[in-house]
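Reader: Before we discuss how the strands and helices are arranged, could you show me the sequence and the model?

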Amino acid sequence: MTDRDRIVIVGAGHNGLACAAYLARAGREVVVLEAAAQVGGAAVTREFAKGFRVSGCAHLSYLLDAGIARELKLASHGLKWAREGLKTVALSPSGDHLVYKDGRLESGTLSEADRKALADYHARMLKFARIFAKQHNRVPPRLGGGGRADLRGAAALGLDIRMLGREDMREFLRIAGINIYDVLEEILESPLLKGSLALDAVLGANLGPRSNNSVLALLHRLSGQAAGNAGPSIPEGGMGAIGEAMAGAARAAGATIRTGSPVRRITLDGDRVSGIELEGGEKIAAGTVISNADPATTLFRLLGARNLETGFVHRVRHFRHKGMAAKLHLALEALPSFTRLASELVGERLVISPDMTYLEHAFDAAKYGATSPDPAFEVTIPSISDKSLAPPGKHVLSAVVLYAPFDERANGDGARRELLDRALSVLDRHAPGLRRQVVASELLLPADIEREFRITGGHWHHGELALDQFMMMRPVPGAAQYAMPVGGLFLCGAGCHPGGGVMGSAGRNAANAVLATERAA
Amino acid sequence: MSTREAMGRKEHFRKAVWETPFHPRTSALNTLNEWHRWKDYTTADAYFDEQLEYAAIRNACAVFDITPMTKHLISGPDALAFLNRLVTRDVAKIKPGRVGYTIWCDDNGQVIDDGTIFHLREGVYRLCSQERQLDWLMRNSFGFDVTIVEDTHDVAALAFQGPTSCAVLKAIGCTGVQNLKPFDIGYYPFAGGELMVSRTGFTGDLGYELWIDPPRALDLWDALFDKGRIHGIRPMGTHALEVARIEAGFIQAQVDFHPADQAIMTDRSRSPFELDLGRLVDFGKPCFNGRRALLEEKKKGSRYRFVKLDVEGNKPARSAYVYDKDKNVVGTVTSAEWAPSAKRNIAYASLHMPWGRPGDELWAEIYYQRELKWYKVMARCHVTEQPFWDPARKRTTPAADF
């Protein structure tokens, strides 16, 4: 093989690894370069206190593509589930919690109307999310491309929407671009239920419940389940198990994975990539470079804006990727006891978002650059189902804390201490005594996530999931087919269609785009 | 208060149109009192007789106030790299003390504007353009260590064109100015300061452009008119210049092409190839705005062709439709004039491909008025590849006195 045949993948996140596995299976020489000491990117399990391990960034799997898991034989590469299809517990400070799963109330008090509305809502949203699910493994059509594949892709999307039937199609088109607040206000009474359901629409996004695009973000989140997944699940050994299994699949297919190898820049020969240069100075020649990094990191830091045309640079600069969520890790000396919550439910997905106004107020602060005075939470205690994560009898708590804006006014040790204190206060309100059980803690602000996971803005999805940054416009119109304007350069991360969440689809689609480009050449 | 002072005090909005530093003289000479707006400034259409003003360009020398022209100073370690990504030609070939004509495109390879790059000193450039460009330049600067300053209001400038222009410049103290080659820049001490002279212009004749600090603007004007009197110096307005520029073969934004950044409909803008400016596109550069689209256009073919037409008869074919022999509309005239020196009826036209090949039978539909009665002629047009006006004195160095 010549240098020109070699494929370098920058970043061993789950998408980079999926991409590597597919290309290696297709017989390509693939080298994956990862800056961190371990693979997985945001799907990683790491020790944050002596004896306590936790999923360092993403902590629930709800979008992993079943087809990819099957094709890459992730199970035979060690992926097992500690828990599949978690229930959601909407925590109430008074102890009147609601427990529901797949639109069915399992415990708690709801009016008959709300029970029915919840079931209808879940079924309908899942039906809508199926539209997105069908797009996961398609390379989006090029807007105005006019090619046959582009027209076919656009027609398929239109047909999927049309096939919803008249009433659902109208409803889909009505709500897909609007906000979750209005949608839930229309159909539900219980403030607690609405608060809990609304959280799913804003997790990780720069959105409050009243922000448009929140329905879209929710449908994206549900699209994994719509495609046949069990819903939010926890892998054995934490989310790192997904990264490890994908790495195993890539290695088994013949890919080389080098950790601790940060890439300094992508090198060019004329208007084509010629390979990469590592921070240490080592150069690796390649005819194709695929970046798992976010668009800004790839195009501005590794490639350089000067090697791109100005209109394109301008669009990429305005790709919104402001992280809004903090990640909290607590090492606990014992299992916390939540007010009036049955102990067998503590291991489920616990949501603290008592009503939509609470959530909106939390967002208000963040909108203006401050962390929320009363944050909202998605909490898991994975050590209940996976004993390997903590010493015997002890536990780890992992929570997404909303909101913490990527903003210099809400950064640094002071902001971190302050938000940690508030987070512990809120948790302690729901689980009295929890604060005293904490033996170690870690709070990652978006700036910390940016640093540790090398994601510009610390945004899980590499960029907002919004109509203007979605599908054929992700990351930007004219570059949504994984190929970048520079010859031989591709993106394969969450900044591309179908976006964030540990799915693997962007990686597989990028691999297909690379192979299609080879065929066309 | 000057424009610059007003801007400093944030009071520029109180007045939409300003006078240039030459206004005390230009207004005194403007016996017709004919003015129009050119960006931020008022500028003379004509001073006394546009035909005589034109005659001065070709037979003596004429002064045109170009202060309103948009000007940017571009410097910093990445100035050359920045310009090379911005424009289509290779700026590295414009050495210090030289000027280059260029165009710049958007990502789609459509022309945003044309202008000149003055390589003032090693690594310091001035970009002159018809349209305002600050926003586009700032967008272009991301990722470059470059300083961009719009200095439109900080430089007073005159176009000084015509066969006797060199003699006058020598007389006001520009010693050795005759040795400037076309597109050279020279610096001369003047009135206690410095006068920058470039052998450039918009008339296709021997001529210069003069650049000076605004406080010395009137000294320069007075010196030119004092020493120029016996050389037939005249002020000229835009009408005279328009005839000269069409005769000379220069295109103009907003007239011969619609700037791509202002075009709403996709077929309104033009690529360099569609403006017959392919020679300004250097594909040897690995990255410049529009490169990919232009390579694609090279492969697939252009939509339009820009041609010079020699029109039969003597009626200028202004805004005329152009027809093929079967009376199908194949394009439109963008600029047209009776060319007094070339003594031909000339026009520029943008034609649909494949029209505009030498020898194509083309007709212009020309309307004209006599005593309020309209007449129409269909005039045969001949595609011409040679320039209409190209005197040797334009290039001869050292420049002659005449």
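Reader: In chain B, what is the strand order of the open sheet of 6 strands, and which kind of pairing does it have?

Author: In this predicted model, the strands of the open sheet in chain B follow the order 10-11-12-9-3-13, and their pairing is mixed. Neighbouring strands are turned by 25 degrees against each other on average, with direction ignored.

Reader: What makes strand 10 and strand 13 of chain B edge strands?

Author: Strand 10 (185–190) and strand 13 (233–235) of chain B each pair on one side only.

Reader: How do you know that strand 10 of chain B pairs with strand 11 of chain B?

Author: Pairing requires at least two bridges, and 6 bridges join strand 10 to strand 11 (residues 193–198) of chain B, therefore the two strands count as paired. They run antiparallel, and B:Tyr188 stands opposite B:Leu195 in strand 11 of chain B.

Reader: Which strands does helix 3 of chain B touch where it packs on the sheet?

Author: Helix 3 (residues 50–59) of chain B touches strand 3 (61–65), strand 9 (156–161) and strand 13 of chain B, and its direction makes about 115 degrees with that of strand 3 of chain B.

Notes:
Residues are numbered from 1 along each chain as its sequence is written. Chains are lettered from A and ligands numbered from 1 in the order in which they are written. This is a predicted model: local features need pLDDT of at least 70, side-chain atom pairs count only at pLDDT 80 or more; totals for chains, interfaces and linings use all residues. Helices (H or I, at least four residues) and strands (E, at least two) are DSSP runs, numbered from the N terminus. Axes are lines fitted to C-alpha atoms, for helices over the stretch in contact, and angles run from 0 to 180 degrees between N-to-C directions. Two residues are in contact if their C-beta atoms, placed from the backbone, lie within 7 Å.
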